[in-house]
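Reader: I would like to know what stands behind each label used for this structure. Please set the values against the criteria.

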Amino acid sequence: MRLQVPLVITFLAGVFMAVQFFIPHALIQTPYERLLEWGRIVAAFALVLGIASLLRTHWEKIRRQHRDWAYSVVAIGSFVLMCVVGIGWGHQRGTGFDWIFRHIQVPLDATMFSLLAFFIASAAFRTFRARSVEATLLLIAAVIVMLGRVPSALIVVFGKTGLGEQLYSAMPDISEWIMNFPTVAGKRGIIFGVSLGAIATALRIIVGIERSHLGGGGGAAGP
Amino acid sequence: MNVWERMLELDRRWVFVGIALAVIIPIVTAYALPLGKPAPPTVAVYDYVEEMEAGEVVLISIDYSPSSMPELHPQAGAVIRHCLQRDLRVITISLNPQGTALARDLLATVAADVGAEDGVDCVNLGFKPGVSQVILGLGESIPTVYPTTADGRPIDEVPVMEGVETYDDVALLIDFAAGNLPFSWIAMAGERFNQDLALGITAVMATDLYPYLQSHQLVGLINGLKGAAEYELLLGLEGEDAPGMLGMSAQSIAHLLIIVLVIVGNIAYFASGRHRRR
C-alpha cells in the first residue's frame, strides 16, 4: 500500500494536469485551480521542511564536532537572529531585519559572487588553450563575443584611429551574429534533446516506471 | 626554465591584482568609455514600453538575490523608471525570497525620483513560494495568489490594482532573473496564457535564451550590465541615475585584461613548447 497509493496519486495527478490543458470547461478548471492552491500551500511547507533539514544538518555537525563546525554555529546563529528580529519587529523598511539584510547580507552575497571574476580570469589564463581546431574556434568566438560586449575596449587598444573606430562599430554586430546563428543553432538542438528527455521522464514517472521520487533509493522499476 | 615557461607558472595572485586594479581604477577615476550602439534585443524592450498607452499594466518579477545585483539592479531600475515616466502601472512580485526586499527598495527609490505614488502608480506584492503554481495561478486569479501587498494592505484597497485580475489585464510581463526562472515564465505565462514577455538577465544566461528571442517568444531581452547601460543610454540617463553606464568602463577594462591574459597564455604555451609534450 505504501508504494501503490503514491503511484496511483502520481498517475491521476499527472494525467489530470495534462488533460486539463486541453479542456477549458469549469468541470475541469475548478479542480485545476484548487490543485494550484494546494500546490502553493505544499510549496510553503516545503520551504519549512528545507529549513528544518538545513538546521538538522548543521546541528549534527556541531554535535559531532565535524571539521569547520564553527561555521555551522554561525549559520544557526544567523538564522535565529533573523527570525527573532523579523518576527519580533517586522521586516519593512527601517526595521532591524531590513538593516541586517541591506548592510550585511547584500554586501556578503555580492562579495561571494564577485570572487568569481578573479577565478575566471585566472582559469582563462591557465587553461584556455588553442589545443585543437575546435578549441581554437571556441577561443576565437569567445574573444569576439567578449569584445562585442565591451567594444570600447578596442578604443583603449587602438585609440580613435580608423581601425579602432571600424572595429568599435563592427564588433557588436559580429558578436550579435555569432549569438543569433551558430549559438542559437547549437542551443536549439540541445533544447530539443533536453525537452524530449524531460517528456520521456515525465511519462515514466506518471505511469510508474520511474520511482526514484518516492525515495528509498530505488530507481526504475522496469525497462 | 625560459621566460615563456616562467610566464606559464605565474603566481595567480598577480592575475588577481590585475583584475582588482582593472575594476577599481576606472570606478575611482570615473574613467568614461563610449558604450557603442544599443543591441537590438534591448531596443526591442525599450520600443515596446514606448508604444504602450498610459494606464496599462506592467508586471515585473524581481527574481534575483544580492549576488546578481550589479548586473540586474541597474536593468530593473531603468525599466521601472521608464514605465513610471510613461504613466504605466507598475506591479512588482518576486519568486525569490531575497528579491522582495530588493524590489521594495528599488521601487521606492525610483518612484521617489520620478514622483510616482506607492499604491496609486506602483505597488510591491512581494514573495510567494512555489514557482510554477504561482506563475500558473496568476493566470487564473492574481488577487487569489496575492490577496495582500508585501506590506499587508488588502489588494482590493490598492488603486493601482483596480481591474487587474489575470494576465489578460497585464500588457507586459518582465522577468529580471539570474537562474532558471525565465524558462518557467516562458513556458507557463508566455505559452499557456499568451502573455507578452521580456527578460532582463545576467550575461552568462544569454546563450540559453537567444533561441526564445529568435522564435518571438520574447518581445525583447536586456542582457547583462551592458544591456542595463544601453537601456540607460536610450532613456538619456547619466551620472548616478545611470549605474549601468558607470560600471561599464570597469567591465570593459576587466574584459580586455582577460582577453590579453588568454592571448599571452596561448603565446607562452606554444612558445615554451609545452604543446609538443602533450
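**The interface and its labels**

Author: Chain A and chain B bury about 5,700 Å² between them, with 65% of that area on carbon and sulfur atoms. A:Arg40, A:Phe125 and A:Arg149 supply 14% of what chain A buries against chain B, more than any other three residues. The model is predicted.

Reader: How many residues of chain A and of chain B are in contact?

Author: 59 residues of chain A are in contact with 70 residues of chain B. Contact here means heavy atoms within 4.5 Å.

Reader: What makes A:Arg102 and B:Asp105 a salt bridge?

Author: The cut-off is 4 Å, from a side-chain nitrogen of Lys or Arg to a carboxyl oxygen of Asp or Glu. The closest N and O atoms of A:Arg102 and B:Asp105 are 3.7 Å apart. That value is within 4 Å, so the pair counts as a salt bridge.

Reader: What about B:Lys37 and A:Asp173?

Author: Their side chains meet at 2.9 Å, N to O. This is also within 4 Å, so the label salt bridge applies.

Reader: Why does the pair of B:Lys37 and A:Asp173 join two chains?

Author: B:Lys37 lies in the loop between helix 2 (12-28) and helix 3 (40-51) of chain B, whereas A:Asp173 is in helix 7 (residues 162-206) of chain A, so the pair joins two chains. The count between chain A and chain B is 5 salt bridges. Over all chains, the whole structure has 17.

Reader: Which residues are closest to the centre of the second largest pocket?

Author: The volume of this pocket is about 1,800 Å³. Of its 48 lining residues, A:Met82, A:Phe97, A:Gln105, B:Pro97 and B:Gln98 are the closest to the centre. Helix 3 of chain A gives the most to the lining, with 11 residues.

Reader: How does the lining of the second largest pocket divide into nonpolar, polar and charged?

Author: The lining has 29 nonpolar, 12 polar and 7 charged residues. Met, Phe and Pro count as nonpolar, so A:Met82, A:Phe97 and B:Pro97 fall in that class.

Reader: How do you know what confidence the predictor has in each chain?

Author: pLDDT runs from 0 to 100. Chain B has a mean of 93, and 100% of its residues reach 70 or more. Chain A averages 90, with 96% of the residues scoring at least 70. In chain A, confidence is lowest in helix 6 (residues 152-158), at a mean of 85, and highest in helix 3, at 95. For the complex, the predictor gives an ipTM of 0.83 and a pTM of 0.89.

How values were computed
Residues are numbered from 1 along each chain as its sequence is written. Chains are lettered from A and ligands numbered from 1 in the order in which they are written. This is a predicted model: local features need pLDDT of at least 70, side-chain atom pairs count only at pLDDT 80 or more; totals for chains, interfaces and linings use all residues. Side-chain values use heavy atoms; hydrogens and water are left out. On a 1 Å grid over the protein atoms alone, a cavity is a set of points where a 1.4 Å probe fits but cannot get out, and a pocket is an open set with protein on both sides within 12 Å along at least five of seven lines; lining residues have an atom within 4 Å of a point. Grid points are joined across faces, edges and corners, and a volume is the space filled by probe spheres set on the points. Helices (H or I, at least four residues) and strands (E, at least two) are DSSP runs, numbered from the N terminus. Buried area is the accessible area (1.4 Å probe) that two parts lose on being put together, summed over both.
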